[in-house]
Structures are given as C-alpha cells and as structure tokens.
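Below is a short briefing on one protein structure.

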Amino acid sequence: MAQFTNEARHFFDVRRLVFRIGELASMTDVSARQLRYWEKKELISSQERTDGQQARVYTFKTFIKVSLIKYFMDEGFTLAAAAQKADARQNRMAYIHHFISSGLQGFAKVDDQLAINLGAFDAEQTLMALVPDGDGPITYKLLPNAEAQQMTRAEAE
C-alpha cells in the first residue's frame with residue numbers, strides 16, 4: 001500500500017506541471033502580452049529552464065495566481081489590488097495544503113462510517129472525522145491512539 005501511495009503522490013504532484021506562455025494564456029484568458037507585462041512588474045515569474053530552451057514556462061502555482069488575479073480584476077480591482085488579493089489567497093491556501101499533506105494520517109471505518117484520521121489530538125487520543133454518506137454533517141470522535149492507528153492500518157489493507 002505504501003508503494004501505491006508514493007506512486008500516486010508522484011503522479012498527482014502538481015509541481016511537475018509546467019505550461020508554456022501560450023498555454024497559460026489560453027487556459028486563463030489572459031494574453032501572452034499581458035503575462036509578460038505582469039512578469040516585468042514581478043507579479044508572476046517564469047520558471048528557470050534547465051533544458052537549454054528559451055521559451056517561458058510557468059508552474060501550476062503561477063497558473064493559480066494568474067487565474068486569481070484575472071478573477072479579481074474581472075471583479076473590478078486594479079492590477080495591484082488584484083495581485084495583492086491573489087497573494088493573500090495563495091498564502092491561506094499554503095496553510096491548507098500543509099494541513100492536508102502533513103495532518104491527514106489516512107482513512108478508517110468508525111461506527112460503520114468512513115473516517116479520516118486527523119492525527120494526534122493529544123498524547124493519548126487521535127481525532128477522527130466521521131464523513132457520512134450523502135450530505136449530512138461531518139462529526140468528530142476521539143479514539144485512543146493505538147485503536148485509531150490499528151483502524152487506519154486495517155483500512156489501508
């Protein structure tokens with residue numbers, strides 16, 4: 001199971017996604033000329049090329065930032081304000097990404113419901129988020145650490 005998890009992480013690693021300027025322009029509906037201007041203003045940056053090519057390439061993170069800037073500009077913000085709001089939004093998303101990538105410990109079955117192991121609550125207990133089928137509310141349950149670890153391992157198998 002660990003091998004599959006590592007392969008899945010590699011496969012879905014968005015850091016490996018890169019886009020040429022034309023692709024980024026097409027995906028975001030922001031012209032290549034505008035993207036070059038934003039780069040000149042240091043609002044975005046292209047990725048350094050190690051393959052000897054001259055064409056600009058942009059990361060997935062830059063795609064998200066361009067999309068956010070465009071969204072805020074479409075909402076009436078100036079370029080500077082839109083870029084500032086995009087940075088703030090990306091900073092908040094970095095915390096969420098950190099939580100998901102390091103905080104989630106796996107899945108388990110608790111009370112016949114899918115549960116997400118959210119990790120240690122304290123030295124003795126683990127916090128489990130019980131996710132109902134359908135639209136019901138998520139509930140939480142504290143389990144002894146050993147029990148939660150055992151349930152999580154059993155579900156992984």
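Helices (H or I, at least four residues) and strands (E, at least two) are taken as DSSP runs and numbered from the N terminus. This is a predicted model, in which local features need pLDDT of at least 70 and side-chain atom pairs count only at pLDDT 80 or more, while totals for chains, interfaces and linings use all residues. Residues are numbered from 1 along each chain as its sequence is written, and side-chain values use heavy atoms, with hydrogens and water left out.

**Overall make-up**

- The protein chain holds six helices and six strands, and from the N terminus on its elements follow the order α-β-α-α-β-α-α-β-β-β-β-α.
- Of the 157 residues in the protein chain, 27% are buried; buried means under 20% relative accessible area, exposed means over 50%, and partly exposed lies in between (1.4 Å probe, protein chains only).
- Among contacts (heavy atoms within 4.5 Å) with a separation of 6 or more, 33% join residues 24 or more positions apart.

- The buried residues of helix 4 are Thr62, Phe63, Lys65, Val66, Leu68, Ile69 and Phe72.
- An α-helix has 3.6 residues a turn, so residues three or four places apart point the same way.
- The cover over the buried residues of helix 4 includes strand 1 (18–20), helix 2 (21–28), helix 3 (32–40), strand 2 (57–59) and helix 5 (79–103).
- Val66, in helix 4, counts as buried because its relative accessible area is 0%.
- Leaving aside residues up to four places away in sequence, Val66 touches Leu24, Thr28, Val30, Leu35, Trp38 and Ile44.
- Val66 and Ala25 are 41 residues apart along the chain, and their C-alpha atoms are separated by 9.2 Å.
- Gly76 follows helix 4 and has a positive phi, near 110 degrees.

- Strand 3 (residues 106–110) pairs with strand 4 (residues 113–120) in the antiparallel sense over five bridges; two strands pair if DSSP finds at least two bridges between them.
- Leu114, in strand 4, is the bridge partner of Lys109.
- Most residues other than glycine have a negative phi.
- Asp111, in the loop between strand 3 and strand 4, has a positive phi near 55 degrees and is exposed because its relative accessible area is 55%.
- Asp112, in the loop between strand 3 and strand 4, has a positive phi near 60 degrees and counts as exposed because its relative accessibility is 75%.

**Nonpolar surface patch**

- Met93, Ile96, Phe99, Ile100 and Leu104 form a nonpolar patch on the surface, with about 450 Å² of accessible area together.
- Patches are made of residues with over 30% relative accessible area and no salt bridge; like charges are joined within 9 Å, and nonpolar side chains (Val, Leu, Ile, Met, Phe, Trp, Tyr) within 5 Å.
- A salt bridge is a side-chain nitrogen of Lys or Arg within 4 Å of a carboxyl oxygen of Asp or Glu.
- Phe99, in helix 5, is partly exposed, with a relative accessible area of 44%.

Note on methods: Accessible areas come from the Shrake-Rupley method with a 1.4 Å probe; for residues, only the protein chains shown count as cover.
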